[in-house]
Amino acid sequence: MRNRSKILNSISSENLFRVNKNFINDISKKYNKNVNVAQYIVERLKYLGVNTAFGYNGGAALPFFDIISKDNEFNLYFNRHEQYSGHAAQAHGKVTNKFGVVITTSGPGFTNVITPLQDAYSDGHSLLCISSQVNSFVLGTDAFQECNATSITKSCVKENNLVTHEKKFPNILEYMINLCSSPRKGPVHLDICKDVFTKKINFEQIDTYSEYDKVGSCDILNNIEKIYNYYEDNDDLILQFEKVFEKLSKSEKPVLIVGSGSIESYEKIRNMVKKYNIPVATTLHGLGVIDEYDSLSLKMLGMHGSYQANKAVMNADLIIGLGNRFDDRTVGLKEEFGKNARNNYGIIHIDNSKKQLYKVNKYIDIDISINCDVEDFVNYMNNEDTKNINYKKKSWIANIKKWKEQFILNEDNNKLSSNFIIKYLSQQLKDNDNYIITTGVGSHQMVVAQYFNHQYPKRLLTSGSLGTMGVGLPFAIGAQIANPDKQVILIDGDGSFTMSSNEIATIREYNLPIKIFIMNDAKLKMVDLWQDLFYEKRKVGSNYKYTPEFNKISQAYGLATYTSDNVINCCKVVDSILQYKGAVLGNFKIENSYCLPFVPPNKKLDEMVTDIDNN
């Protein structure tokens with residue numbers, strides 16, 4: 001069958017503008033053709049199964065929020081800062097597998113969402129940002145809280161549009177929601193003038209399509225199986241799959257690298273891994289695609305990856321990347337990355353975004369790039385006859401076992417460290433799929449990646465490519481609202497948590513039972529480590545003389561609080577936090593500890609620092 005990305009790439013932008021005729025008929029009848037722009041937005045989002053938005057109110061946004069408030073089927077959540085509204089919307093969209101929605105007022109209200117827009121752009125999160133602009137009749141006059149919003153977002157969204165009148169607005173909105181959900185997913189931005197929200201929609205101006213049209217707009221993403229029927233098999237794609245199968249049949253030392261683009265196909269990937277006996281490394285966002293208790297799991301690769309993953313990738317004779325980006329943090333010194341594979345069966349990249357394939361190929365020179373959904377490739381591989389391939393790979397598996405034994409993640413059981421805490425938390429959550437972990441950015445984030453055994457995908461929400469500190473708490477808020485029955489756990493560092501601690505107020509506002517773990521060493525540990533290794537231990541802005549008393553902060557917000565500063569009571573405190581029914585904060589006063597191994601910048605993946613004392 002023709003793959004989804006091929007279908008999407010064949011659709012013109014003109015078709016992406018078109019609106020479902022049935023929806024237009026329904027809303028026209030419901031409102032007797034008396035619908036304003038704000039009402040239309042809400043109705044269209046609900047029709048697509050998106051009934052939640054995050055935001056912060058202000059002068060230009062008042063008309064929009066006022067109209068939304070009258071709809072009992074649409075939920076509004078107000079954070080205590082616009083940046084965190086954006087991050088909460090990111091997490092909500094990722095957990096629900098839809099696009100997140102963030103709404104802001106003009107001026108500084110809007111500029112505060114630039115960071116979540118860039119974070120979503122960097123990590124491929126579907127996000128619709130609707131900013132309220134000043135009235136259309138005062139644009140360009142330096143009106144109160146006016147800024148050129150679309151010029152600001154030009155480089156951090158897939159597309160943006162300044163809406164100064166209601167004409168053709170439904171088709172503009174349709175294009176945006178289609179674009180943010182199509183490969184590679186990302187944010188889009190609509191900047192709507194305040195007076196436009198109350199303008200009436202002219203239904204005669206809307207370009208529509210019927211359910212029987214071969215090419216529609218947003219329904220392409222929801223009814224993809226119907227679209228398959230309109231195309232012949234893609235012979236070129238099958239030929240590419242056959243080439244990969246032939247290489248895999250001959251390979252004696254293959255490695256699979258799975259990224260976030262593999263998440264939706266994780267069960268089929270696990271079947272493929274067992275069928276071909278392929279060791280699997282993951283990216284940060286691919287953690288959990290393979291069960292890390294499985295002997296074929298190499299865990300995460302890269303700068304802060306596992307010893308065995310980095311060794312395996314550098315010694316493999318074939319590397320297959322599924323829905324990953326081959327970014328700088330995962331390849332190390334790019335000239336040396338996968339050199340053995342290049343000299344044998346090559347490096348293969350499979351992704352549903354042509355743009356992403358082009359970027360990667362330009363960066364590290366891929367041998368075979370295939371534009372398709374990961375699931376299409378995995379389905380093909382799972383259906384192939386493997387009786388004549390080298391699936392045992394005894395010596396390769398033995399080497400991997402040896403690397404796993406050469407470097408073991410250890411922690412000093414006599415001192416309290418983030419390593420000790422996360423390892424214990426992992427043991428307590430083993431075989432439990434009813435949780436979501438979020439993190440800030442820093443050393444604690446990498447400890448969660450390494451010391452926690454990830455068994456399921458979409459259980460870890462964190463900032464990857466942009467490395468945005470402070471995201472952990474708003475990610476937890478968005479995740480908890482999206483899935484109130486799951487236990488949401490925030491693992492944060494003291495530096496990252498301080499950036500967004502005001503969002504405890506949002507937790508209290510909506511009674512969200514989030515469990516907060518703060519790894520408190522009164523420093524920015526990741527920066528501190530780099531200063532130790534590369535800057536002759538000159539400490540600039542990484543060690544603070546004052547660190548907030550987190551116990552008092554949480555008590556001021558009315559949160560239950562636990563404290564631990566030693567290994568004797570640590571496990572008891574972790575258990576108490578997990579068992580607590582409501583929101584709770586744990587302040588873990590940890591001692592100096594390191595997250596190893598570590599690949600220094602401009603070094604090969606197998607040139608790892610494994611002992612700080614000897615470096």
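In this predicted model, Thr-438 stands opposite Leu-461 in β16, and this position belongs to the pairing of β15 with β16, which runs in the parallel sense over two bridges. Those two strands are part of an open sheet of six strands, arranged in the order β16-β15-β17-β18-β20-β19, in which the pairing is parallel.

- The open sheet, with its order β16-β15-β17-β18-β20-β19, has as its edge strands β16 (460-461) and β19 (560-564), each of which pairs on one side only.
- For β16, the pairing is with β15 and comprises two bridges in the parallel sense, with Leu-461 of β16 standing opposite Thr-438.

**Strand β17 and its two neighbours**
- Strand β15 (residues 435-439) pairs with β17 in the parallel sense over five bridges, and within this pairing the bridge partner of Thr-439 in β17 is Ile-491.
- Strand β18 (residues 515-520) is likewise joined to β17 by five bridges, and the two strands run parallel; here Ile-489 has Lys-515 in β18 as its bridge partner.

**Burial of β17**
- Strand β17 (residues 487-493) is mostly covered, since seven of its seven residues are buried, that is, under 20% relative accessible area.
- The covering applies to both faces of β17, with Gln-487, Ile-489, Ile-491 and Gly-493 buried on one side, and Val-488, Leu-490 and Asp-492 buried on the other.

**A helix across the sheet**
- Helix α21 (residues 418-428) lies across β17, β18 and β20 (584-589), and its direction is at about 155° to that of β18.

**The pair of helices α4 and α5**
- The axes of helix α4 (residues 37-47) and helix α5 (residues 62-69) come within 9 Å of each other and cross at roughly 50°, which means that α4 is oblique to α5.
- The crossing of α4 and α5 is right-handed.
- On the α4 side, the contact is made by Ala-38, Gln-39, Ile-41 and Val-42, which meet Phe-64, Ile-67 and Ile-68 in α5.
- The residues of this contact between α4 and α5 divide into six nonpolar, one polar and no charged.

Methods
Residues numbered from 1 in each chain as written. Predicted model: local features only at pLDDT ≥ 70, side-chain atom pairs only at ≥ 80, totals over all residues. Heavy atoms only, no water. Axes fitted to C-alpha atoms, helices over the stretch in contact; angles between N-to-C directions. Helix = DSSP H or I, 4+ residues; strand = E, 2+ residues; numbered from the N terminus. Parallel < 35°, antiparallel > 145°, perpendicular 65-115°, else oblique. Left-handed = near helix turned anticlockwise from the far one by under 90°. Contact = heavy atoms within 4.5 Å. Nonpolar A, V, L, I, M, F, W, Y, C, P; charged D, E, K, R; others polar. Buried < 20%, exposed > 50% of the residue type's maximum accessible area, 1.4 Å probe, protein only. Pairing = 2+ DSSP bridges.
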